[in-house]
Amino acid sequence: VQTNRLVSLLGMGGSGKTRLSIEVARAALPAFPDGVWFVDLIPRRSTDPLDVAVADAAGISLSSGADAPSLSEVVGQRRLLFVLDNCEHLVGPVIDLVDELLDSTTCHFLLTSRLPLNLAGEYRCRVGSMSVEGSDADAVELFLATADRFGADVSTLDGDLVGQVCRRLDGLPLALELAAAQLRHLPLAEVAARLDTRFDLLVSGTRDPRHPSLAAVLDDSWDGLAAEEKSLLAALSAFPGDFALRDVEELLERGDIVPSLGELIDRSLVTVRPGSDARYHLLDSVRAFGRSRGGEHAASETLERHAEWCMERVGSNVGRHLFDYGNARWCQ
């Protein structure tokens, strides 16, 4: 944020973008002598003037009237940082305001959003899941800290089972916290056993308007998708593991999915595995959500087609691939 005037923290809901932006802003304070200002866009309506909301957060009074100065004129050459949180709710107004201020002022921006603004010079930083491997993994640490905060006796928890829960939840901070909060009235083994129906289980025990439940967060992302993207996400949910572009094209018998797939990647609903061969991945929670929202008939049809496609790839002759370990991993 010191060397790039527009930095976007991108990730799905519940990945910790807001907390990260606050910590970055705190660390950046010495570099911005005119201040670092946090603007929460969730309570803002699309009809509210965004420049007034930003000015209010920074303690700047924008008087009304024909001769009233604009925000860009007031900010001018000041060295300050604006943190705009939850930009996906007001994408159009945010793009217009940020574009104008980047052109006419010297201020910097740190944004949190589920999708990029696609402005020139935007530095995109993906906020992924927490590490889940090992007893000292970040996800385990967050799970135990949250359980302790809700009054659970963390010294009695089975470490292996905690690790299993963290892996099943893909290290997604919101899911980890919601699951750990259930330990105030459920044993850990019961929480682990109910992850197959996680959307009934992972509901906030606090009055948090941002993230009342894991299902509510994913519903919000789902509502922002076009019909083609919803259909594709439901189809991708048939894959139990990683997949390649050609796999999806063969399964759907279509060759026009790249734009919709790109939109799902931009919204952090699909992630790209690093490597020379592009492989794609869905978090377990996104996969379960996609199957539930795809419609019972459509999901059943897609899963049936997926099973047939798997059989074609594996073949029915067991002797032909019994000792093909690469194929065995794929089958698993």
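The lining of the second largest pocket comprises nine nonpolar, seven polar and four charged residues. In this classification Ala, Val, Leu, Ile, Met, Phe, Trp, Tyr, Cys and Pro count as nonpolar, Asp, Glu, Lys and Arg as charged, and the others, Gly among them, as polar. The model is predicted: local features need pLDDT of at least 70, side-chain atom pairs count only at pLDDT 80 or more, and totals for chains, interfaces and linings use all residues. Residues are numbered from 1 along each chain as its sequence is written, and side-chain values use heavy atoms, with hydrogens and water left out.

**Pocket and cavity**

The second largest pocket has a volume of about 480 Å³. Of the 20 residues that line this pocket, Gly128, Ser129, Thr271, His281 and Leu283 lie nearest its centre. Strand E6 (residues 271-273) gives the largest share of the lining, three residues. Helices (H or I, at least four residues) and strands (E, at least two) are DSSP runs, numbered from the N terminus.

Pockets and cavities are found on a 1 Å grid over the protein atoms alone: a cavity is a set of points where a 1.4 Å probe fits but cannot get out, whereas a pocket is an open set with protein on both sides within 12 Å along at least five of seven lines; lining residues have an atom within 4 Å of a point. Grid points are joined across faces, edges and corners, and a volume is the space filled by probe spheres set on the points.

By this rule there is one cavity of 30 Å³ or more, and the volume of the largest cavity is about 30 Å³. Its lining consists of Leu218, Ser221, Trp222, Leu225, Leu233, Leu269, Val286 and Phe289. By class, these are seven nonpolar residues, one polar residue and no charged residue. Helix H10 (214-223) and helix H14 (284-293) each contribute at least two residues to the lining of the largest cavity; the largest share, three residues, comes from H10.

**Helix H14 and its surroundings**

Ser285, Val286, Arg287, Phe289 and Gly290 are the buried residues of H14. Here buried means under 20% relative accessible area, exposed over 50%, and partly exposed in between (1.4 Å probe, protein chains only). The buried residues of H14 pack against helix H9 (198-201), H10, helix H11 (227-236) and strand E7 (279-281), where contact means heavy atoms within 4.5 Å.

Arginine 287, in helix H14, counts as buried because its relative accessibility is 8%. Leaving aside residues up to four places away in sequence, arginine 287 touches Ser237, Phe239, Pro240, Gly241, His281 and Leu282.

Phenylalanine 243 is placed in the loop between H11 and helix H12 (245-252). Its relative accessibility is 0%, so phenylalanine 243 counts as buried. Apart from residues up to four places away in sequence, phenylalanine 243 touches Leu236, Val248, Ala278, Arg279, Tyr280, His281 and Leu282. Phenylalanine 243 and leucine 282 are 39 residues apart along the chain, and their C-alpha atoms are separated by 9.3 Å.

**The parallel sheet**

Five strands form an open sheet with parallel pairing, in the order E2-E3-E4-E1-E5. Strand E2 (36-40) and strand E5 (123-126) stand at the edges with a single partner strand each, so one side of each has no neighbour in the sheet. On average, neighbouring strands of this sheet are turned by 15° against each other, direction ignored. Two strands pair if DSSP finds at least two bridges between them.

Strand E1 (residues 6-10) and strand E4 (residues 108-113) are paired in the parallel sense over five bridges. Serine 8 stands opposite leucine 111 in E4.

Axes are lines fitted to C-alpha atoms, for helices over the stretch in contact, and angles run from 0 to 180 degrees between N-to-C directions.

| Helix | Strands touched | Angle |
|---|---|---|
| H2 (residues 50-57) | E2 and E3 | about 130° with E2 |

**Residues with positive phi**

Most residues other than glycine have a negative phi, and most peptide bonds are trans. Asparagine 118, a residue other than glycine, has a positive phi near 60°. Asparagine 118 lies in the loop between E4 and E5 and counts as exposed, at 53% relative accessibility.

Aspartate 170 also has a positive phi, of about 60°, although it is not a glycine. Aspartate 170 is in the loop between helix H6 (159-168) and helix H7 (173-181), and is buried, with a relative accessible area of 17%.
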